[in-house]
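Here is a short walk through one fold. Keep the 3D view open and follow along.

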Amino acid sequence: MSIALVTGAGSGIGRALAAALVARGDTVAVSDLDGERVAEVAKELTEQGPGKAFASTLDVTDAEAVAEHYRSVKADHGRLDLVFNNAGIAVGGLAEELTLDHWNTAIDINLRGVVHGVHAAYPIMLEQGYGHIANTASLAGLVPMPMGIPYTATKYAVVGLSMGLRAEAAVRGVKVSVICPGFVDTPLLTSANPGLPDTEVSRNVRGFAKQAQRRLYTAEALAGDILRGIEKNKALIVAPASGRAAWRGARMSPSGAVRAAQAAVARYHRQKV
């Protein structure tokens, strides 16, 4: 039985991860900015068992709150085996439509939120001499994704952070992975630009996602991929198969990947006419 921590667990990938962990018997600290929703998640998962979940309200942009939460989980359970720094938001729009608020909010949640989680979890795991940190990035952190470049920029940063930390952490007994899913059928696809000005892209992220990836992946299938990747200590956990194909293509031909992204932008402009 593992002691695990999942941020952004009120819905989507975080909830599916927590459910998979509880289903295998783990004890899981689930947190989310929406405290009521994550409390409901914890109750439902614990009732299903055989593991259990307990909930906390957490704003990952608050570094001290994150540190206190991670320390309290360790103090209450004596160890911290698995940490999933998963909380994030979607930001969509053409570069010329985006305000600095779009940029800053994406950076604060998607990047600084992960930084805060790593900064809190890593010292605990160094003291233990073991543990596994998994940071949620995106396929958009491996291939060029236009029409939402604040999101893309933060996800590339999370990939770089995770790979660099993995190299440092290995000799200290701590494992690090980064999760890079393609389009997953979660509320993120219908709640882009939260608290920010809408754009035509943000109002139809789900539609654009289905154009790019005909069949949206389920959060439950992704959670299974993630746990199998963790068991194998994979550096990069990329899913589904179409995402892995896109990643391979981008590695083989970066210019070809950019041309494919250009074609998507051109299709978007044609649809607007």
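The buried residues of helix H1 are Gly-12, Ile-13, Gly-14, Ala-16, Leu-17, Ala-18, Leu-21 and Val-22. Buried means under 20% relative accessible area, exposed over 50%, and partly exposed in between, with a 1.4 Å probe and protein chains only. Helices (H or I, at least four residues) and strands (E, at least two) are DSSP runs, numbered from the N terminus.

This is a predicted model: local features need pLDDT of at least 70, side-chain atom pairs count only at pLDDT 80 or more, and totals for chains, interfaces and linings use all residues. Residues are numbered from 1 along each chain as its sequence is written, and side-chain values use heavy atoms, leaving out hydrogens and water.

H1 covers residues 12-23, twelve residues in all. From first C-alpha to last it reaches 17 Å, close to the 16 Å expected at 1.5 Å a residue. That expected span is 1.5 Å times one less than the number of residues. Just after H1, Gly-25 takes a positive phi of about 105°.

Now turn to the sheet. It is open, with seven strands in the order S3-S2-S1-S4-S5-S6-S7 and parallel pairing. Two strands pair if DSSP finds at least two bridges between them. The edge strands, S3 (52-57) and S7 (236-239), each pair on one side only.

Look at S7 again. Four bridges join it to strand S6 (residues 174-181), and the two run parallel. Ile-179 stands opposite Ile-237 in S7.

Helix H2 (residues 35-48) packs on the sheet, touching strand S2 (27-32) and S3. Contact means heavy atoms within 4.5 Å.

Definitions and conventions:
Axes fitted to C-alpha atoms, helices over the stretch in contact; angles between N-to-C directions.
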